Amino acid sequence: MTNLDIELKLLKEAIIEMTDLVTNQVVNANEAFLSMDTDLAYEIQHNEQKINALELSIDRDCEHILALFNPVASDLRFVLAVLKSNADLERIGDYTYAIAGYVIEHNKSINKELIEASQIIAMFDTAISMLRDIKIAFETEDVKLAKKVYRKDADLNMINKQAADIISKFLEKDGTLTTEALYLFSTIRKLERVGDHVKNMVEVLIFYVKAKVLKHKDIKDKKK
Amino acid sequence: MTDHVKDKELKLPKISAEDVNVFYGDFQAIKNISMDINSNTVTAFIGPSGCGKSTFLRLFNRMNDYVEGFRMEGKIKIDDNNIYKKKVHVEELRKKVGMVFQKPNPFPKSIYENVAYGLKIQGISNKKIIDERVETALKQADLWKEAKDNLNKSALALSGGQQQRLCIARTLAVEPSIILMDEPTSALDPISTTRIEELIFELKSNYTIVIVTHNMQQAGRISDNTGFFYLGELIEYKNTKDLFTNPKNTKTENYISGRFG
């Protein structure tokens, strides 16, 4: 094993640890939001510091590898993929911090019918499964699994698209739900963005493994 | 010349190798290599020691002819003419195909005499013409400013980097169209290396350059196309950016990423 191989192995371990930490934050945000658990919300906000610190550490490691080892070909693509995924994961961490903030601010349970109709539970489940699968895909360089993750983003987009109509119908019936509806809608928006960031991670993983750029191409091209 | 003929000529590769095999006695140094090199490009040959890249480079100005046991099969064409035909004058060929070596090798003469040497050998005796060609070559090799007031100074008093630029000037003075470089910066410090690399980039607009290098980053920085040689074979040959970002062959990837060689 060359020194570069050792550095790349450590980098891979670090980005997987980052994915685990962020996935855990989304799992906790799910629980905290649905049960309005402020203690858990504070824990999420506290853990955000760990994510920020790990993000900086991974950025620094990438910078060192680029400067000291001049990686090329798949090694270079791997470092670039880690660098980009790191930024995406950090943003997902930010969304969980914001969702935790809603829990702390609102601190009251949200109307169950509204929760059910909005499909936010399905959104959390999908976002969490996307994160878990992209971690496995990254660990095993599994492009097939990565493409499955990519397709799941459409589910999040669909729920997000329908959410405004569903929530406004509830508000027409009962105006007292306005505040919780706004927190709910904001959380749905954040989960839709989580999907976009995981989709970015799929694109960079495929770039790393297959040397193919999927960004800004239509779906037909991507299926190829 | 009609535009049609001109266009046809422009499309022809400057150098073309067809099914080339090279033997030194029983040892086969080059195995069935074919490649085209276009005009006004920089082409880098990379590969571990003994892979055949220098042997292949030296075919282009028939430098291997003197090596004992050398035998070649196939064709090497320059401007569509097979340079291994019997009627080819090797001296004429080498006017067209200049060479710069790993270690700067100036003659123990003045700076001026070093550059003028090739011209005098060619029979040019008009001092005015020689002066002009020496000045132009030294300017092209980015040595004029440093050397113009010391043209009679011994070339051996120059630094290593200056000596290598002098050798490039000496090559340019006879107005070749191809310059072969065999690890031209491996004996130089980073500053001198950068100057030579900048020079190669500038010379590309007027010359076709083929360079053998062990420095992968150098190949990446200066060349348009790169060929990876291994055990006498041309494993992969393509656009340098593609070769360094997305090599198709595992051997290429392992070599450029430092995993062997």
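At what angle do helix α1 (residues 3-35) of chain A and α2(A) pack, and how far apart are their axes?

**View 1. Packing of α1(A) against α2(A) in the predicted model.** The two helices pack at an angle of about 160 degrees, and their axes are 10 Å apart. Axes are lines fitted to C-alpha atoms, for helices over the stretch in contact, with angles running from 0 to 180 degrees between N-to-C directions. Helices (H or I, at least four residues) and strands (E, at least two) are DSSP runs, numbered from the N terminus. α1(A) and α2(A) are therefore roughly antiparallel to each other (angles over 145 degrees count as roughly antiparallel). Their crossing is left-handed, a term for a near helix turned anticlockwise from the far one by less than a right angle. By class, this contact has 19 nonpolar, four polar and seven charged residues. Ala, Val, Leu, Ile, Met, Phe, Trp, Tyr, Cys and Pro count as nonpolar, Asp, Glu, Lys and Arg as charged, and the others, Gly among them, as polar.

**View 2. Packing of α2(A) against α3(A).** The axes of α2 (residues 38-69) and α3 (residues 73-106) of chain A come within 9 Å and cross at roughly 165 degrees. That makes α2(A) roughly antiparallel to α3(A). α2(A) passes α3(A) in a left-handed crossing. The residues of this contact comprise 17 nonpolar, seven polar and five charged.

View 3. A:Leu66 counts as partly exposed, at 31% relative accessibility (partly exposed lies between buried, under 20% relative accessible area, and exposed, over 50%; 1.4 Å probe, protein chains only). Not counting residues up to four places away in sequence, A:Leu66 touches A:Pro71, A:Leu76 and A:Val79 (contact means heavy atoms within 4.5 Å). A:Asp142 is 76 residues from A:Leu66 along the chain, and their C-alpha atoms are separated by 25 Å.

**View 4. B:Asn64 in the loop between α2 (53-59) and β4 (70-78) of chain B.** B:Asn64 is buried, with a relative accessible area of 2%. A polar atom of the B:Asn64 side chain lies 2.8 Å from the backbone oxygen of B:Thr55. Leaving aside neighbours within four places in sequence, B:Asn64 is in contact with B:Tyr24, B:Thr55, B:Arg58, B:Leu59 and B:Phe70.

**Notes.** Residues are numbered from 1 along each chain as its sequence is written, and chains are lettered from A and ligands numbered from 1 in the order in which they are written. In this predicted model, local features need pLDDT of at least 70, side-chain atom pairs count only at pLDDT 80 or more, and totals for chains, interfaces and linings use all residues, while side-chain values use heavy atoms, with hydrogens and water left out.

Notes
Angles under 35 degrees count as roughly parallel, over 145 as roughly antiparallel, 65 to 115 as roughly perpendicular and the rest as oblique. A polar contact is a pair of N or O atoms within 3.5 Å; within protein, one must be able to donate a hydrogen and the other to accept it, and residues adjacent in sequence count only if both atoms are side-chain atoms.
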